[in-house]
Amino acid sequence: MEQYIIRGGNPLVGEVEISGAKNAALGILAAAIMTDDTVLIENLPDVRDINVLLEAMESIGVRVERITKHAVMMNSEHIGEVSVDYEYIKKIRASYYLIGALLGKYKKAEVPLPGGCNIGSRPIDLHIKGFKALGAEVKIRNGFIIAQADHLHGSHIFLDTVSVGATINIMMAASMAEGYTIIENCAREPHVVDVANFLNSMGANIKGAGTDVIRIRGVQKLHKTEYSIIPDQIEAGTFMFAAAATKGDVMVKNVIPKHLEATTAKLLEIGCEVEEFDNAVRVVASKRLRSTNVKTLPYPGYPTDMQPQIGVTLALARGTSIVTESIFENRFKYMDELTRMGAVVRVEGNTAIISGVEKLSGARVSAPDLRAGAALVIAALAAEGVTTIDDIIYIQRGYEDFEEKLRSLGAEIERVNSEKEAQKFRLRIG
Ligand code: EPZ
């Protein structure tokens, strides 16, 4: 089992290039099957979740040709199956986007119901509500969601909770429904906008993505396109907090600064300098940071996917901080690990009260999920001594070349696969 071994204490300094957005890419790849034409997708991140979704798509007959590390050509003319295997859903929940895409194109989809996951129960009732409103019959049988319709028709849908997944899934199906659909109380995340732009580039007629009302005029057919995915604002934000926590100076390149506003605002509040350029942000932290309070909210609020990164940074700030998680019920598991490194934290329900300490110290910890895993890497980089992080498979789901990018900024981090490799690295760093 692979681990990270990290010797902390070095401020991160230099420049880092951000990859394409994983969560936009998951929606876009699924949407790409909605045309029989060949589609070129660029700026695709080379991460595990994306590669698993591509495999799931190949398993139902999509032809996928990797042009480069970051570009694929896809052709979905010969999809022979509208039923996706459980093995893939088990690995990535986002394969549920194939329901909206298959239902829109073929009026039929069979996809295993995703289970709960490490960050919470994650129901998909709103997705189902939307498909039903579009005229689909949706049944759950033998663990599968089976959605089918003679034809899909436009509808007026109100989402009870702001949901990224439901907004994208319903938007995909409605793009090929007959007539006009209005979705209210939509998620406004940049990746929702990116999926809408992608569908529009294939001939869909979607307006209002990025606001809380999306209007869709259904079309009969979608056509070929070439599309480049937006940069990953969560990967960017992770490096911004890594710069802050290690008292570093990092230029985070290939980003859309507007997408990072909530993160930038918090970094300024805790005492970092943040300089914005057209497609880069520079974060400098020259002194001990101060505490703050933060509550996760749908975009443009502070993202839940950036909650652990600010949590570990505040563990080292002067004063007491309160972090409130309002999106997922189980996103504080990393706090137990952080406590092993010397943090002083009390978790009460969906709130963590963090009393900042001057130093964290290296320990053996384990990544509970993707973002919490990345946050523990930040904690380890800022800590004194050596930290070993287990279960880094979670981190590999969403961060491309994570250790290489960190090393280029001066981090001492090694991915090891055996005790022998770990020993070798420990000897080298002394
Ligand atoms: C997306 O998950 C992201 N995943 C998550 O990224 C992210 O944490 C989340 O949005 C919130 O921003 C992808 O884009 C693939 P939601 P999603 O539906 O779509 C409730 C990461 O680390 N809800 O916006 O599954 C739900 O329980 C991750 O990259 C319902 O009640 O999240 C939650 O409280 C993990 N019923 C809230 O809505 C539903 O049918 C928001 O969830 C759907 C959701």
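Lys 107 sits in the loop between helix H4 (97-106) and strand S6 (108-112); helices (H or I, at least four residues) and strands (E, at least two) are DSSP runs, numbered from the N terminus. Phi of Lys 107 is near 65 degrees, a positive value in a residue other than glycine. The model is predicted, with pLDDT of at least 70 required for local features and 80 or more for side-chain atom pairs, whereas totals for chains, interfaces and linings use all residues. Residues are numbered from 1 along each chain as its sequence is written, and side-chain values use heavy atoms, with hydrogens and water left out.

Asn 254, in the loop between strand S14 (249-253) and helix H9 (261-269), has a phi near 60 degrees, a positive value in a residue other than glycine. Tyr 299 and Pro 300 are joined by a cis peptide bond, with omega about 10 degrees. Pro 300 belongs to the loop between strand S17 (293-295) and helix H10 (307-314).

A backbone N or O atom of Ile 327 lies 2.6 Å from an oxygen atom of the ligand, and for a backbone N or O atom of Gly 165 the distance to a ligand oxygen is 2.7 Å. A polar side-chain atom of Asn 23 is 3.1 Å from an oxygen atom of the ligand. Of the 830 Å² of accessible area that the ligand has on its own, the protein covers 88% (Shrake-Rupley method, 1.4 Å probe).

H1 packs against helix H7 (residues 190-201) at an angle of about 25 degrees, with the axes 8 Å apart; axes are lines fitted to C-alpha atoms over the stretch in contact, and angles run from 0 to 180 degrees between N-to-C directions. H1 and H7 are therefore roughly parallel, a term for angles under 35 degrees. Helix H8 (residues 233-245) and H12 pack at about 20 degrees, with their axes 9 Å apart, which makes H8 roughly parallel to H12.

How values were computed
Polar contact = N/O pair within 3.5 Å; in protein donor to acceptor, adjacent residues only side chain to side chain. Parallel < 35°, antiparallel > 145°, perpendicular 65-115°, else oblique.
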